[in-house]
Amino acid sequence: MNETHQIHEFGPFYDADSEILILGSFPSVKSRETGFYYGHPMNRFWKLLAFLYQEEEPVSIPEKKAFLKKCHIALWDVIESCDITGSSDSSIRNEKINDIGKILQEAPIRAIYANGRKAENLYKKYAEPVTGRKITGLPSTSPANAAFSMERLQAGWRKLTEK
């Protein structure tokens, strides 16, 4: 697979009631194809959130958006554009960062979480100095993070539902 320059083609998802912001690094190939976050069928993001919030797992994009609104969750990615090979975070180069401050100005975000180490590191390097807001790193829900069982993910992500 060859490295290509990719631009994030769908915007952030949030509304005036969003309290939690979850940031990924950059959409996977499957997410870019579907036009919404965590579109790979093996990504455990939606199954994990459904478990944590004791809701049915959303399947369609409208169901996912309704779920996020109900749970007051905003989603976005740290990277606006980059050079990347497939969906591999480790291949990301020449990244340009999204303006995360936009959501922080328009929604009452009380906590920011990173879905995976790459998102956490990029946020800390580029966005935190601008926003002044800390981020909490969470284990990646990507199928590439096979070292984390669903039980380990549940334990690591439980803080989302603790106020």
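1. Two strands are taken to pair if DSSP finds at least two bridges between them. On that basis, this predicted model contains an open sheet of 4 strands, in the order 3-2-6-7 and with parallel pairing. Strand 3 (73-77) and strand 7 (136-138) stand at the edges of this sheet, and because each has a single partner strand, one side of each is left without a neighbour in the sheet. On average, and with direction ignored, neighbouring strands here are turned by 25° against each other.

2. Within that sheet, the pairing of strand 2 with strand 3 can be described in more detail: the two run parallel and are joined by 5 bridges.

3. Strand 4 (residues 79-85) and strand 5, which run antiparallel, are joined by 3 bridges, and the bridge partner of Ser81 in strand 5 is Lys96.

4. How do helix 2 and helix 3 cross? The axes of helix 2 (residues 45-52) and helix 3 (residues 61-71) come within 12 Å and cross at roughly 40°, which means that helix 2 is oblique to helix 3. The crossing in which helix 2 passes helix 3 is left-handed. On the helix 2 side the meeting residues are Trp46, Leu49 and Ala50, and on the helix 3 side they are Lys64, Phe67 and Leu68. Sorted by class, the residues of this contact of helix 2 with helix 3 comprise 5 nonpolar, no polar and 1 charged.

5. Helix 2 also meets helix 6 (residues 150-157), the axes of these two coming within 10 Å and crossing at roughly 60°, so helix 2 is oblique to helix 6. In this case the crossing is right-handed. Helix 2 contributes Phe45, Lys47, Leu48, Leu49, Phe51 and Leu52 to the contact, while helix 6 contributes Met150, Leu153, Gln154 and Trp157. The class count for the contact of helix 2 with helix 6 is 8 nonpolar, 1 polar and 1 charged residues.

6. Finally, a word on charged pairs. Side chains of opposite charge can pair when their charged atoms come close. A search of the whole structure finds 11 salt bridges, and among them is the one that Asp15 forms with Lys69, where the closest N and O atoms are 3.6 Å apart. This pair links distant parts of the chain, as Asp15 belongs to the loop between strand 1 and strand 2 (20-24) and Lys69 to helix 3, the two being 54 residues apart.

Conventions:
Residues are numbered from 1 along each chain as its sequence is written. This is a predicted model: local features need pLDDT of at least 70, side-chain atom pairs count only at pLDDT 80 or more; totals for chains, interfaces and linings use all residues. Side-chain values use heavy atoms; hydrogens and water are left out. Axes are lines fitted to C-alpha atoms, for helices over the stretch in contact, and angles run from 0 to 180 degrees between N-to-C directions. Angles under 35 degrees count as roughly parallel, over 145 as roughly antiparallel, 65 to 115 as roughly perpendicular and the rest as oblique. A crossing is left-handed if the near helix is turned anticlockwise from the far one by less than a right angle, and right-handed if clockwise. Contact means heavy atoms within 4.5 Å. Ala, Val, Leu, Ile, Met, Phe, Trp, Tyr, Cys and Pro count as nonpolar, Asp, Glu, Lys and Arg as charged, and the others, Gly among them, as polar. A salt bridge is a side-chain nitrogen of Lys or Arg within 4 Å of a carboxyl oxygen of Asp or Glu.
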